[in-house]
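Student: Hi! I'm new to this one, could you walk me through it?
Tutor: Happy to, let's look at it together.

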Amino acid sequence: MRVISLPCPHCQSRVRAKKSRTMSSMMKEISYQCQNVECGHTFVATLEVSRTVSISAMPNPEVRIPISSRAFLAAKNQLSLDLVAA
Ligand SMILES: [Zn+2]
């Protein structure tokens, strides 16, 4: 699995995730530590669900995620095709 993280904002070195805290089903806070011993920066970043690109086949009615314009157009086109086929 590919791990995506930011480089250290001060020295651009690699960082390592030290711990995470779930804030909600849509957001997590992750604490990172710079791997450059001469820097030593430790910081917190936020990982947040921002928009839907492809609609879930198992939608949770309690989850509200903005839909990307591309996904909206794809869903609208599919609905038009379904109506034509019906
Ligand atoms: Zn650093």
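Predicted model: local features only at pLDDT ≥ 70, side-chain atom pairs only at ≥ 80, totals over all residues.

Student: Okay, metal first. Which residues hold the zinc ion?
Tutor: The protein donors of the zinc ion are the SG atoms of Cys8, Cys11, Cys34 and Cys39. They lie 2.3 to 2.4 Å from the zinc ion.

Student: And how are those donor residues spaced in sequence?
Tutor: The spacing is C-x2-C-x22-C-x4-C.

Student: What's the arrangement of the four donor atoms around the zinc ion?
Tutor: It is tetrahedral, because the donor atoms subtend angles of 97 to 115 degrees. For reference, the ideal angle for four tetrahedral donors is 109.5 degrees.

Student: Is Cys8 buried or exposed?
Tutor: Cys8 has 0% relative accessibility, so it counts as buried.

Student: What about Cys11?
Tutor: Cys11 has a relative accessible area of 28%, so it is partly exposed. The cut-offs behind that are under 20% for buried and over 50% for exposed.

Student: With those cysteines around, how many disulfides are there?
Tutor: The count comes to zero disulfides. A disulfide would be a covalent bond between the sulfur atoms of two cysteines.

Student: Switching topic: how do strands E1 and E2 pair?
Tutor: Strand E1 covers residues 15-24 and strand E2 covers residues 27-34. They pair in the antiparallel sense, over eight bridges. E1 and E2 form a hairpin, with two residues between them.

Student: Which way does E3 run relative to E2?
Tutor: Strand E3, residues 42-48, runs antiparallel to E2, and seven bridges join them.

Student: Now charges. How many salt bridges does the count give?
Tutor: The count comes to one salt bridge. The side chains of Arg21 and Glu29 meet in it, at 3.2 Å from N to O. In general, side chains of opposite charge can pair when their charged atoms come close.

Student: How accessible is Glu29?
Tutor: Glu29 is partly exposed, because its relative accessible area is 25%.

Terms used
Residues numbered from 1 in each chain as written. Heavy atoms only, no water. Donors = N, O, S within 2.8 Å, 3.2 Å for Na, K, Ca; no water. Tetrahedral: all angles 85-135°; square planar, octahedral: opposite > 155°, others 65-115°. Buried < 20%, exposed > 50% of the residue type's maximum accessible area, 1.4 Å probe, protein only. Disulfide = S-S within 2.5 Å. Salt bridge = Lys/Arg side-chain N within 4 Å of Asp/Glu carboxyl O. Pairing = 2+ DSSP bridges. Helix = DSSP H or I, 4+ residues; strand = E, 2+ residues; numbered from the N terminus.
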